[in-house]
Amino acid sequence: MITSKVSDPPDGTRLVPGQQVTYTLTLDNTGVTTPSAANSLDNTSDLSDDMTIDRSSLTSSNPSVGVGMANDGSYVLLQGSVPANQRVTVTYRATVKPDGQRGNNSAKNCYGDDCTTHLISPPPPPLALSKTADPPDGTQLTAGQQVTYTMTIDNSAGTTEAPVPYLIDDMSGLIDDMTASMSTLNISSPTVTVAPEAGNSRFAVTGSVPAGERVTVTYRATVKPDGQRGDNSARNCFATTHCTTHPIGTPTLTFSKSSDPPNETRLYAGNRVTYTLSLDNSTGTAAAPVTNLTDRLASRKIIDQAKGLLQSSTGMTEPEAFRWIQKTAMDLRKSMREVAEGVIAHAKNTKAVEDDED
Ligand SMILES: [Ca+2]
Ligand SMILES: [Ca+2]
């Protein structure tokens, strides 16, 4: 009699928790004229630590061969005989036990010398991916501004070293608007490598992350000057779904002052004048910083004072006085405020001399 054993999935296949395997023992008594004893053991002691054998699935194709199983699942017992010129099969199913309930993660099953071994893979370590930007995703940028991108490949929850599965950082929506500087590239671990691809429009991240560790890849990019950008949307995607998008705009802040009643209206004692300062960024496509407003207001006040002095001392009109300050500033390569301060200082000195003469 010839005996053999097969499994489905076959010997050597890696199993995962919950997976089922069907074992088939074949007892071949063909080409003979006498029955043959089938009394034998299928050793499942190194199987039952990792898998649960389904007792109800244990069957024999011929009642001449009876089957049973040890209470602890350590063997399957065959008893009886195989009739002349017949083949009898014995089958049963087993299911991989859940994580934390298995033995050596090697399900070995031997019928005589005929063994099958299925290794059970531990669950793949959860490699967590993320991408951040500084300033954060969605922040509006302006020409010349820098963004630092950080990609994190996190295996801090893993118990084994995890391979990095060829991750792409796609800069194709970024490089039309920003210049990415690969000289600023920094990788926190030598186990991870980064290689530019597709004309530097993306790069591939490969390697592995040790158990319990977290690897970061960072680089900086700078917004291109106004007029040299693409769609003014700097989009950057890591591993397809981890994206940041920074809109890019141009502030066009204009500063103006008006009064009610308007400039040059003759005022009388008791008249009330309302001044309105306007900061106009209505044509701008980015927020305009107003950090030097106090300075600008102070400058404005000084220039107004100088204009008044020029008007009274020279008989210039207000626009003439303004243009004189503007032109003098350009000629002397000074700011209008500096020229205005000069006018005021000169007027004070003149007055002081006059006062002394009195
Ligand atoms: Ca085992
Ligand atoms: Ca873009």
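Modeller: Two strands pair if DSSP finds at least two bridges between them. The model discussed here is predicted.

Colleague: What makes strand S12 and strand S17 a pair?

Modeller: Strand S12 (residues 146-154) and strand S17 (residues 214-223) are joined over nine bridges, in the antiparallel sense. The cut-off is at least two bridges, so the two strands pair. One of the residues involved is isoleucine 153, whose bridge partner in S17 is valine 215.

Colleague: Which sheet holds these strands, and in what order?

Modeller: An open sheet of four strands, with the order S11-S12-S17-S14 and antiparallel pairing.

Colleague: Why are S11 and S14 called edge strands?

Modeller: Strand S11 (128-134) and strand S14 (178-187) each pair on one side only. From one strand to the next, the twist averages 20°.

Colleague: How do you know that S15 and S16 pair?

Modeller: Strand S15 (residues 192-197) and strand S16 (residues 202-209) run antiparallel and share six bridges. At least two are needed, so they pair. Glutamate 197 has arginine 202 in S16 as its bridge partner. Four residues lie between the strands of this hairpin, where alanine 198 takes a positive phi near 50°.

Colleague: How do you know that the span of helix H2 agrees with its number of residues?

Modeller: Helix H2 (residues 318-332) has 15 residues, which at 1.5 Å a residue should span 21 Å. The end C-alpha atoms of H2 are 21 Å apart, so the values agree. Arginine 333 follows H2 and has a positive phi, near 55°.

Colleague: Why is lysine 327 called exposed?

Modeller: Lysine 327, in helix H2, has 12 other C-beta atoms within 10 Å. A residue with 12 or fewer is exposed, so lysine 327 is exposed.

How values were computed:
Residues are numbered from 1 along each chain as its sequence is written. Chains are lettered from A and ligands numbered from 1 in the order in which they are written. This is a predicted model: local features need pLDDT of at least 70, side-chain atom pairs count only at pLDDT 80 or more; totals for chains, interfaces and linings use all residues. The expected span of a helix is 1.5 Å times one less than its number of residues. A residue is buried if 20 or more other C-beta atoms lie within 10 Å of its own, exposed if 12 or fewer, and partly exposed in between; C-beta atoms are placed from the backbone. Axes are lines fitted to C-alpha atoms, for helices over the stretch in contact, and angles run from 0 to 180 degrees between N-to-C directions.
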